[in-house]
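Student: I would like to learn how to read a structure of this kind, one feature at a time. Could we go through it together, with the general idea before the case at hand?

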Amino acid sequence: MNLLKILIYDGSFEGLLCCIFRIYEQKILVFKIVKKNEPLSDLFAENIEIHTDEVRAQRVWSGIQRKAGKISIERILMAFLSEIQGEEHTIIRYVQYLIDSKRNIEDNLSHPVVQRLQDVVKMVNRERHRMKAFVRFQLLTDGIYYSGIEPDFNVLPLIKDHFAHRYADQQWIIYDLRRNYGLYYDLKTVSEMELEIAPKANANNIFQEEEILYQELWKKYFKHTNIESRKNTALHIRHVPKRYWKYLTEKM
Amino acid sequence: MNWEKIVDKLSILSDAAKYDVSCASSGSKRSNTNKGLGDARGMGICHTYTEDGRCVSLLKILLTNHCIFDCAYCTSRKSNDIKRAAFTVQEVVDLTINFYRRNYIEGLFLSSGIFKDADFTMERLVSIAKKLRTEHKFNGYIHLKAIPGASKELMNLAALYADRLSVNIELPTIEGLKELAPDKNRADMERPMNDLKTGIQIYKEEKKKSRFTPLFAPAGQSTQMVVGASGESDMQILYTAKYFYQKYHLKRVYYSGYVPISTDTRLPAIGTAVPMVRENRLYQTDWLVRFYGFKVEEIVNPNFPDLELDKDPKLAWALRHPEFFPVDINTAELWKIYRVPGIGVQSALKIVKARNFQKLRLDHLKQLGIATNRAQYFIRTASPMNFQAELPSKGIEQLVLSNYHGKYKNIVQQQLSLF
């Protein structure tokens, strides 16, 4: 009898790869993947805790890379960064389809798994692009440009290079307040960091005096570049959804 | 800096610049290789959107709204009794750098009223771009408005510092220009365009020989015209656009629906609606020509001089050409799929990829995320009997439009009921 097996992993990408290892090793057909902190609901299932093992993860990853093109690799990584509960299943079904298939499956967009992964990639990409747009740096008294964000998905790894390249001559921090980690650029390299207490967007005392003035100028500009007789609030909100407003200088 | 004064100037000079619709910041090749500030490769970014739903990508300001010209449609015209202001070179530089550092903008779009003469004004614009590039190692996007009549030397200098240059042709016809902008003439606008075109070609050739050739207007040139101020037909507008696209290899032509700002009797009265739907239809046509393989003459011609407001130009064309349909999405060449109403470039590309794996039915299209509410009347799929070819063209039109929930439905009905 194929009892449902629940694989519990630590939430890391390597951990997920180890789940795949176990599925192939024991030829598990009926499974469910959950992160450690997610609730378990099935009474009649067998729980298996998956230990993250670098070597096994690497073996699986090499195996995937042998079969997968650039697009597939990107799809898998981005779907993982979406952190959507249960998305692990799509990733694993995709990997299985990839391994089992003789031809290149990347373009088979009417296949439900490919389709779903493609949709997730689209969602994550949209959020990545939004963060490139919606990050608002504020100049701290110690000369660092700081921005807090709360992206829907874990996009910091995806925007790192963009900001490193663009702001090569200023120190900056982009901090994901939802996931409580950030990126810090020290004029040489970008590193991950955690703050004890992340600055609030409207805590004026930690910003340079000039900062407040430039924010005022930006708000003025935002107001005056609008054409009243073309007002289109629906379109405005579609482009700048309300949940992002609290970190947007022009909307504060 | 005197902040109150700057706030004042910024208000006046952004207000006066906002009718320039271009906000593109894409298409340049300027990369941050000198550890400076900014990067203008690849895709543009809209950092925010105004409450009218337009993208804000660049700091779009006038250097000054003092102007010796008296163009009827322009809010900065000499005879208009408004507050005047002028930035200094340093003020524009500081604003650009500080906005950019905070990730508010992709760069600067700088235009100006004409004070003294064309070259005097152009020189100031160029000096700002030069200062940004050389003193601040700024690699963000710079769009300079070229002043009609500016000398070739200044245009060349401008192109060495800016990513894009544009000369506005202002009105679609020469007659309209004479009537509403008597101080300007077409020849003064075309000369700098031609200089730029030549320059871009020369640098392109040089680039093939040496990779150290400096950038020369890497994002090309564009232009803009006001729509609905001087009574032209859509055909006149689009034929003019075609002329400029072809003759000067423009990257973009922008169409700006006239916003009534004057009591001048030569112009639509204040309170007249901005022709937003018409503007949108013109852009749709522009896209059909640039990306979908249509010829302008297929969309508008002496028999059909104006675009229909209640349907997009591709649908209008399709209804006039029932003999072209149905297009079989499982076998048709890509260019034919491009012509199906409701199917865009991305969707068409998805279709030709996906059909390698199986015969596509209507529900496959839905799975691919392709809207079929309009397309279904114009295609044949592997679903049995889905094409409603027996319907006369008028029947399809009614079917399509009855299912139409486009963003302009209300506005279209309002604007149509005016006639």
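Student: What distance separates the centres of domain 2 of chain A and domain 3 of chain A, taken over C-alpha atoms?

Tutor: Please keep in mind from the start that this is a predicted model. Taken over C-alpha atoms, the centres of domain 2 of chain A and domain 3 of chain A are separated by 28 Å. The domain assignment of chain A places domain 1 at 1-67, domain 2 at 74-134 and domain 3 at 135-251.

Student: What does chain A look like as a whole, in terms of its helices and strands and its span along the principal axes?

Tutor: Chain A holds 8 helices and 8 strands, and its C-alpha trace spans about 70 × 45 × 40 Å along the principal axes. Of the 252 residues in chain A, 50% are buried. Among the contacts in chain A with a separation of 6 or more, 68% are between residues 24 or more positions apart.

Student: How is the size of an interface usually given, and how much area do domain 2 of chain A and domain 3 of chain A bury between them?

Tutor: The size of an interface is often given as the accessible area lost when the parts come together. Between domain 2 of chain A and domain 3 of chain A, about 1600 Å² is buried, with 65% of it on carbon and sulfur atoms. On the side of domain 2 of chain A, the residues that lose the most area to domain 3 of chain A are Leu81(A), Met131(A) and Phe134(A), which together account for 43% of what that side buries. In terms of contacts, 14 residues of domain 2 of chain A meet 21 residues of domain 3 of chain A.

Student: How many salt bridges and how many residue pairs in polar contact are there between these two domains?

Tutor: The rule finds 1 salt bridge across the interface of domain 2 of chain A and domain 3 of chain A. Glu83(A) forms a salt bridge with Arg179(A), where the closest N and O atoms are 2.9 Å apart. There are also 10 residue pairs in polar contact between domain 2 of chain A and domain 3 of chain A. On the domain 2 side, helix 3 (70-82) and helix 5 (112-134) of chain A each supply at least two of the residues that touch domain 3 of chain A. The largest share of that side, 9 residues, comes from helix 5 of chain A. By class, the residues of this side of domain 2 of chain A are 8 nonpolar, 1 polar and 5 charged.

Student: Which polar features cross the interface of chain B and chain A, and which elements of chain B take part?

Tutor: Across the interface of chain B and chain A the rule finds 7 salt bridges. Asp107(A) forms a salt bridge with Lys353(B), with the closest N and O atoms 3.7 Å apart. Residue pairs in polar contact between chain B and chain A number 37.

Student: Is Lys311(B) buried or exposed?

Tutor: Lys311(B) counts as buried because its relative accessibility is 4%, which is under 20%. Lys311(B) lies in the loop between helix 9 (296-299) and helix 10 (313-320) of chain B. Not counting residues up to four places away in sequence, Lys311(B) touches Arg281(B), Ala316(B), Leu319(B), Glu397(B) and Leu401(B).

Student: Where is Thr75(B) found, and is Thr75(B) buried or exposed?

Tutor: Thr75(B) is in the loop between strand 5 and helix 2 of chain B. With a relative accessible area of 19%, Thr75(B) is buried. Neighbours within four places in sequence aside, Thr75(B) is in contact with Tyr19(B), Asn80(B), Ile82(B) and Ile261(B).

Key
Residues are numbered from 1 along each chain as its sequence is written. Chains are lettered from A and ligands numbered from 1 in the order in which they are written. This is a predicted model: local features need pLDDT of at least 70, side-chain atom pairs count only at pLDDT 80 or more; totals for chains, interfaces and linings use all residues. Side-chain values use heavy atoms; hydrogens and water are left out. Domain bounds come from an automatic or database domain assignment. Contact means heavy atoms within 4.5 Å. Buried area is the accessible area (1.4 Å probe) that two parts lose on being put together, summed over both. A salt bridge is a side-chain nitrogen of Lys or Arg within 4 Å of a carboxyl oxygen of Asp or Glu. A polar contact is a pair of N or O atoms within 3.5 Å; within protein, one must be able to donate a hydrogen and the other to accept it, and residues adjacent in sequence count only if both atoms are side-chain atoms. Helices (H or I, at least four residues) and strands (E, at least two) are DSSP runs, numbered from the N terminus. Ala, Val, Leu, Ile, Met, Phe, Trp, Tyr, Cys and Pro count as nonpolar, Asp, Glu, Lys and Arg as charged, and the others, Gly among them, as polar. Buried means under 20% relative accessible area, exposed over 50%, partly exposed in between (1.4 Å probe, protein chains only).
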